[in-house]
Amino acid sequence: MQPRNMSMSGVVDLAAVKAAQEAKTKAEQARAEAARQGGAGAVSPADLVIDVDEAGFERDVLQRSAEVPVVIDFWAEWCQPCKQLSPVLERLAVEYNGRFLLAKIDVDANQMLMQQFGVQGIPAVFAVVAGQALPLFQGAAGEAQIRQTLDQLVTVAEQRFGLTGLTVDPDAEPGDRTAAAEAQAGPYDALLEAAVRALDAGDLAGAVRAYQNVLVDDPGNTEAKLGLAQAELLQRVQDMDPQQVRKDAADRPGDARAQIAAADLDLVGGHVEDAFGRLIETVRRTAGDERDAVRLRLLELFEVVGPEDPRVAAARRALARALF
């Protein structure tokens, strides 16, 4: 089992861009559904600290990280510093009242997860936000340092990913939320999950078909539109020779096809503003059908990044100036 979209380095890549927008969308949908149900989906304080194993990692950590930051405490029964740190994290999870979820992983029973996160010693604390993993600290830490780290985490999760956390109801029974979440599953969840699995397996054609199947019945489905845009982008670049593409773009600055290909590579590499800037400049240099092809590709790349991203808004304004 390989965690999805995990980037320990913190580099902003295409997967992170997609995960951020999907996380925003899912968080908004969850809040809207909770409001419609009059508070459905609330958790009890006891649900803020969970034990996680390899079998449940996908469900309990990766999927949950689309709605709330998940802090992971790697520990073991024989680890004395763990016995000092873990109770502090558990107390803070309750005190932060749903701003993060604490997942406890026993390294003795889950060696694979320990290896996947590159844990060299325990206690070790990581976070997963919208499927993206990042190290927080290793070894014993003072409560003031822990609070500062958690404050930064929840701020980034809210500002960058739109994750405002879980609704906590002191009167809720532990585990109530699981049944409520299953009852509220959307009609296209199975197809969307199949598309994600296809992406993870490198089956780009399968992912494209799955997303298209959703959009046939629900043309406004945000997650499907984002997923389709990403899958089609990855299809376009998978057989490219990056060195040749970049050479062609440098040698032929007015060639629409050369610049479009290079912009695709820019975006896959996480260079969002470079991709946008390249195509906007090409719009200025071209006319007729070539110009229209560049404009349409730029609009497709906007879909990959997501309409709420400020770089998209800035690029739309620059495109309007280039066109008119």
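How many disulfides does the structure hold? The structure holds one disulfide, and the points below start from there.

This is a predicted model, in which local features need pLDDT of at least 70 and side-chain atom pairs count only at pLDDT 80 or more, while totals for chains, interfaces and linings use all residues. Residues are numbered from 1 along each chain as its sequence is written, and side-chain values use heavy atoms, with hydrogens and water left out.

1. The disulfide. Cys79 is joined to Cys82 with an S to S distance of 2.4 Å, a disulfide being a pair of cysteine sulfur atoms within 2.5 Å. The torsion about the S-S bond of Cys79 and Cys82 is about 80°, so the disulfide is right-handed. Cys79 is buried, with a relative accessible area of 2%, and Cys82 is likewise buried, with a value of 2%; here buried means under 20% relative accessible area, exposed means over 50%, and partly exposed lies in between (1.4 Å probe, protein chains only).

2. Helices (H or I, at least four residues) and strands (E, at least two) are DSSP runs, numbered from the N terminus, and two strands pair if DSSP finds at least two bridges between them. Strand S1 (residues 49-51) pairs with S3 in the parallel sense over three bridges, and the bridge partner of Val49 in S3 is Leu102. S2 also pairs with S3 in the parallel sense, over six bridges. Five of the six residues of S3 are buried, so this strand is largely enclosed by the rest of the structure.

3. The side chains of Asp73 and Lys104 meet in a salt bridge at 3.4 Å, N to O, where the term stands for a side-chain nitrogen of Lys or Arg within 4 Å of a carboxyl oxygen of Asp or Glu. Asp73 lies in strand S2 (residues 70-75) and Lys104 in strand S3 (residues 101-106), so the pair ties together parts that are 31 residues apart in sequence. Lys104 is also the bridge partner of Asp73 in S3, and both Asp73 and Lys104 are buried.

4. Other salt bridges. A search of the whole structure finds 21 salt bridges. Among them is the one between Arg147 and Glu143, whose closest N and O atoms are 3.1 Å apart; Arg147 and Glu143 are four residues apart in helix H5 (residues 143-161), which means that they are separated by about one helical turn. Arg147 counts as partly exposed at 25% relative accessibility, and Glu143 counts as partly exposed at 28%. A network of salt bridges links Arg91, Glu95, Glu143 and Arg147. Asp248 and Arg252 also meet through their side chains in a salt bridge, at 3.9 Å, N to O, and Arg252, at 38% relative accessibility, counts as partly exposed.

5. Aromatic rings. Rings of Phe, Tyr and Trp (its six-membered ring) pair if their centres lie within 6.5 Å, with planes under 30 degrees apart counted as stacked, over 60 as edge-to-face and the rest as tilted. By this rule the structure has six aromatic pairs. The rings of Phe117 and Phe126 have their centres 5.2 Å apart and their planes at 70°, so this pair is edge-to-face. Both Phe117 and Phe126 are buried, and ring pairs link Phe57, Phe74, Phe117 and Phe126 into a cluster.

6. Helix H9. This helix (residues 222-237) has 16 residues and reaches 23 Å from its first C-alpha to its last, close to the 22 Å expected at 1.5 Å a residue, the expected span being 1.5 Å times one less than the number of residues. The N-terminal end of H9 is capped by Asn221, with a side-chain oxygen 3.3 Å from the backbone nitrogen of Glu223. Buried residues of H9 include Glu223, Leu226, Leu233 and Val237.

7. Helix H11. Gln259 lies in helix H11 (residues 256-268) and counts as buried at 4% relative accessibility. A polar contact of 2.8 Å joins the side chains of Gln259 and Arg278; such a contact is a pair of N or O atoms within 3.5 Å, and within protein one must be able to donate a hydrogen and the other to accept it, with residues adjacent in sequence counting only if both atoms are side-chain atoms. Ala256 is also found in helix H11 and is buried, with a relative accessible area of 4%. Ala256 and Asp289 are 33 residues apart in sequence, and their C-alpha atoms are 9.7 Å apart in space.
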